[in-house]
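Please open the structure in a viewer and keep the selection tool at hand. The stops below say what to select and what to look for.

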Amino acid sequence: MNIILLGPPGAGKGTQAHRLTEHHGMRQLSTGDMLRAAVKAQTPVGIKAKEVMDRGELVSDEIVSALIDAELEAMGDDVGAIFDGYPRTAAQAEQLDGILGKHNRALDHVIELEVDVDALVKRITGRFSCANCGALYHNTANPPEKEGVCDQCGGTEFKRRPDDNEETVRTRMDEYRRKTAPILPIYEERGIVTRVDGMGEIDDVTTAIESVIAPA
Ligand code: ADP
Ligand code: ADP
Ligand code: ZN
């Protein structure tokens with residue numbers, strides 16, 4: 001099973017991708033997470049990507065596609081992939097077709113999380129994560145059960161992304177509108193797009209996605 005989660009910044013892609021890995025033994029392939037790891041490790045890719053990410057613009061297609069290719073190469077053939085935040089341009093969509101073909105994989109579903117743009121800024125500026133395990137939280141919509149303690153691992157340190165500020169968010173939304181939304185028709189022609197309401201409770205969104213990937 002290979003699925004793409006598509007939607008603007010803050011739509012809930014990371015939150016949902018993480019839950020699917022827990023429920024279905026699939027692997028989350030987030031180019032954003034890979035790039036942040038590269039920035040932290042100060043690899044050549046990370047050094048090149050940092051300023052672009054801080055501005056909210058898109059990193060080059062070649063860089064992100066190479067990251068995805070390397071991850072799939074390292075993964076067992078029988079492990080399903082959830083693409084989170086990739087592809088984001090028409091060129092990446094084309095590169096993904098080539099990469100999947102090379103690894104004998106085919107796309108099963110593209111799930112578009114539909115959200116109200118006004119809600120996104122609130123979601124993003126309230127987003128934080130566990131510094132230890134990466135679990136995602138939100139100040140008001142999804143705080144840890146016990147304040148200051150991660151539900152998943154008991155960690156007590158949390159962090160916020162440097163690009164989760166209002167100004168950068170606007171640039172990221174623009175990038176989505178201009179470069180990412182236009183790739184949907186490519187997949188619509190293949191009949192594999194399903195739209196899911198991303199404005200509901202986190203659990204309800206998960207249920208809706210699960211009914212697409214594993215219909216009862
Ligand atoms: P969000 O959670 O807001 O959707 P991500 O974590 O997916 O954001 O990405 C953060 C940043 O990393 C993006 O703003 C962009 O600079 C870079 N990035 C991530 N994925 C890609 C991609 N597929 N193509 C180009 N740039 C990317
Ligand atoms: P993306 O990966 O698409 O950028 P995230 O999964 O990181 O989005 O979610 C952005 C923020 O919104 C996080 O703080 C997360 O806890 C919160 N969030 C995710 N899904 C929902 C939802 N259905 N309702 C309310 N808040 C949500
Ligand atoms: Zn944790």
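The model is predicted.

**Stop 1: the zinc ion**

Select the zinc ion (ligand 3) and show the side chains around it. Its protein donors are the SG atoms of Cys130, Cys133, Cys150 and Cys153, lying 2.3 Å from the ion. What arrangement do the four donor atoms around the zinc ion make? The arrangement is tetrahedral, because the angles that the donor atoms subtend run from 103 to 115 degrees, and four donors count as tetrahedral if all angles lie between 85 and 135 degrees.

Now follow the donors of the zinc ion along the chain: their spacing is C-x2-C-x16-C-x2-C. Cysteine 130 belongs to strand β5 (residues 127–130), while cysteine 150 sits in the loop between β6 and β7; this pair links distant parts of the chain, 20 residues apart. Cysteine 130 and cysteine 150 are both buried.

**Stop 2: aromatic rings**

Next, display the aromatic side chains. The structure holds four aromatic pairs. One of them is formed by phenylalanine 83 and tyrosine 86, a tilted pair with 6.4 Å from centre to centre and 45 degrees between the planes. Are these two residues buried or exposed? Phenylalanine 83 has a relative accessibility of 0%, so it counts as buried. Tyrosine 86 has a relative accessible area of 1% and is also buried, because buried means under 20%.

Move to tyrosine 137 and phenylalanine 158. Their rings form an edge-to-face pair, 6.0 Å centre to centre with 80 degrees between the planes. Tyrosine 137 lies in strand β6 (residues 136–138) and phenylalanine 158 in strand β7 (residues 158–159), so the pair ties together parts that are 21 residues apart in sequence. Tyrosine 137 is buried, at 6% relative accessible area, whereas phenylalanine 158 is partly exposed, at 27%.

**Stop 3: ligand 2**

Keep Tyr137 in view and select ligand 2. There are 19 residues around this ligand, and Gly10, Lys13, Thr15, Arg127 and Tyr137 come nearest. Helix α1 (13–24) and strand β6 each supply at least two residues of the shell around ligand 2.

- A polar backbone atom of tyrosine 137 is 2.7 Å from an oxygen atom of ligand 2.
- A polar backbone atom of glycine 14 is 2.8 Å from an oxygen atom of ligand 2.
- A nitrogen atom of ligand 2 lies 3.5 Å from a polar side-chain atom of arginine 123.

How much of the accessible area of ligand 2 does the protein cover? On its own ligand 2 has 560 Å² of accessible area, and the protein covers 93% of it.

**Stop 4: ligand 1**

Select ligand 1 next. Thr31, Arg36, Glu57, Gln92 and Arg172 come nearest, out of the 19 residues around this ligand. Which helix gives the most to the shell around ligand 1? Helix α2 (residues 31–41) does, with four residues.

The contacts to look for involve oxygen atoms of the ligand.

- A polar side-chain atom of arginine 172 lies 2.4 Å from an oxygen atom of ligand 1.
- An N or O atom in the side chain of arginine 36 is 2.9 Å from an oxygen atom of ligand 1.
- An N or O atom in the side chain of lysine 13 is 3.0 Å from an oxygen atom of ligand 1.

Ligand 1 exposes 560 Å² when taken alone, and the protein buries 96% of that.

**Stop 5: backbone details**

Switch to a view of the backbone. Most residues other than glycine have a negative phi, and most peptide bonds are trans.

Go back to tyrosine 86 and select proline 87 with it. The peptide bond from tyrosine 86 to proline 87 is cis, with omega near -5 degrees. Proline 87 is found in the loop between β3 (81–84) and α5 (90–102).

Then select glutamine 42, in the loop between α2 and α3 (44–55). Glutamine 42 has a positive phi of about 50 degrees although it is not a glycine. At 61% relative accessibility, this residue counts as exposed.

Finish at asparagine 104, in the loop between α5 and β4 (109–114). Asparagine 104 is not a glycine, yet its phi is positive, about 55 degrees. Its relative accessibility is 74%, so asparagine 104 counts as exposed.

Notes:
Residues numbered from 1 in each chain as written. Chains lettered and ligands numbered in written order. Predicted model: local features only at pLDDT ≥ 70, side-chain atom pairs only at ≥ 80, totals over all residues. Heavy atoms only, no water. Phe/Tyr/Trp six-rings, centres within 6.5 Å; stacked < 30°, edge-to-face > 60°. Buried < 20%, exposed > 50% of the residue type's maximum accessible area, 1.4 Å probe, protein only. Donors = N, O, S within 2.8 Å, 3.2 Å for Na, K, Ca; no water. Tetrahedral: all angles 85-135°; square planar, octahedral: opposite > 155°, others 65-115°. Near = heavy atom within 4 Å. Polar contact = N/O pair within 3.5 Å; in protein donor to acceptor, adjacent residues only side chain to side chain. Areas by Shrake-Rupley, 256 points an atom, 1.4 Å probe, with all protein chains shown as cover.
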